[in-house]
Amino acid sequence: PVVKIDDNTTEVEWVYDSVQDVWNGNVSFTEVGEYKLTAEFSDRSGNEMALYDHTICINNSVPVVEVSFTGSPVVNEIYSEDRVATINIKDALFDANNVNVIVNAVNGSGESVDISAKDYSGYAKNIENWIENSGTYTLVLPEFDIDAIYTFDISYVNMAGTSAADY
């Protein structure tokens with residue numbers, strides 16, 4: 001059998017299980033990363049097995065989400081200028097599709113204000129809108145420029161299924 005990790009052949013110690021009539025081998029992944037594992041084999045008669053090709057992600061870190069906003073309130077939480085939110089997510093194997101941004105807006109009477117044209121959620125899921133720097137991914141959302149009272153929620157789950165703390 002030929003076993004490769006990221007196209008590099010790796011040694012595998014094979015053990016025969018006579019009860020199951022199968023050979024077993026273990027491959028260890030100890031570092032955070034994304035690995036391509038392939039295996040191929042042909043028996044003595046030249047019969048080839050189908051190529052085994054699988055991607056494995058190792059990520060044992062808890063992602064961290066931080067958000068900052070521009071501007072200073074004039075009074076309490078009332079701002080006289082448009083605001084911009086910047087999201088930073090630190091994660092070893094970032095996937096923008098796993099970012100959920102929910103922004104809602106109401107007027108002073110509590111009635112919903114339509115901000116759907118901003119599509120904050122869709123904007124956050126587009127990897128082209130993110131900038132990566134040393135494992136931290138940064139997104140600057142479109143401005144909050146419609147007169148309203150906004151609520152902002154972000155959640156993120158990394159590729160290993162670990163959730164960032166609520167924001």
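Buried residues account for 25% of the 167 residues in this chain. The model is a predicted one. It holds 1 helix and 12 strands. The chain is more spread out than a compact globule, because its radius of gyration is 24 Å, well over the 15 Å that the globule rule gives for 167 residues.

**Overall shape and surface**
- Along the principal axes, the C-alpha atoms of the chain fill a box of roughly 80 × 30 × 25 Å.
- The chain has an accessible surface of about 11,200 Å². Carbon and sulfur atoms contribute 47% of that surface.
- Take the contacts between residues at least 6 apart in sequence: 59% of them join residues at least 24 apart.

**Order of elements**
- Along the sequence, the pattern reads β-β-β-β-β-β-β-β-β-α-β-β-β.

**An open sheet**
- 4 strands make up an open sheet, in the order β2-β1-β5-β6, with antiparallel pairing.
- Its edge strands are β2 (8-9) and β6 (52-58), and each of them pairs on one side only.
- Strand β1 covers residues 2-5 and pairs with β2 in the antiparallel sense, over 2 bridges.
- Lysine 4 has threonine 9, in β2, as its bridge partner.

**A nonpolar surface patch**
- Trp14, Tyr16 and Trp23 form a nonpolar patch on the surface. Together they have about 350 Å² of accessible area.
- Tryptophan 23 belongs to strand β4, which spans residues 22-25.
- Is tryptophan 23 buried or exposed? Tryptophan 23 has a relative accessible area of 57%, so it counts as exposed, the cut-off being over 50%.

Technical notes
Residues numbered from 1 in each chain as written. Predicted model: local features only at pLDDT ≥ 70, side-chain atom pairs only at ≥ 80, totals over all residues. Heavy atoms only, no water. Patch = residues over 30% accessible without salt bridge, like charges linked within 9 Å, V, L, I, M, F, W, Y side chains within 5 Å. Areas by Shrake-Rupley, 256 points an atom, 1.4 Å probe, with all protein chains shown as cover. Salt bridge = Lys/Arg side-chain N within 4 Å of Asp/Glu carboxyl O. Buried < 20%, exposed > 50% of the residue type's maximum accessible area, 1.4 Å probe, protein only. Pairing = 2+ DSSP bridges. Rg over C-alpha atoms; globule rule 2.2 N^0.38 Å. Contact = heavy atoms within 4.5 Å.
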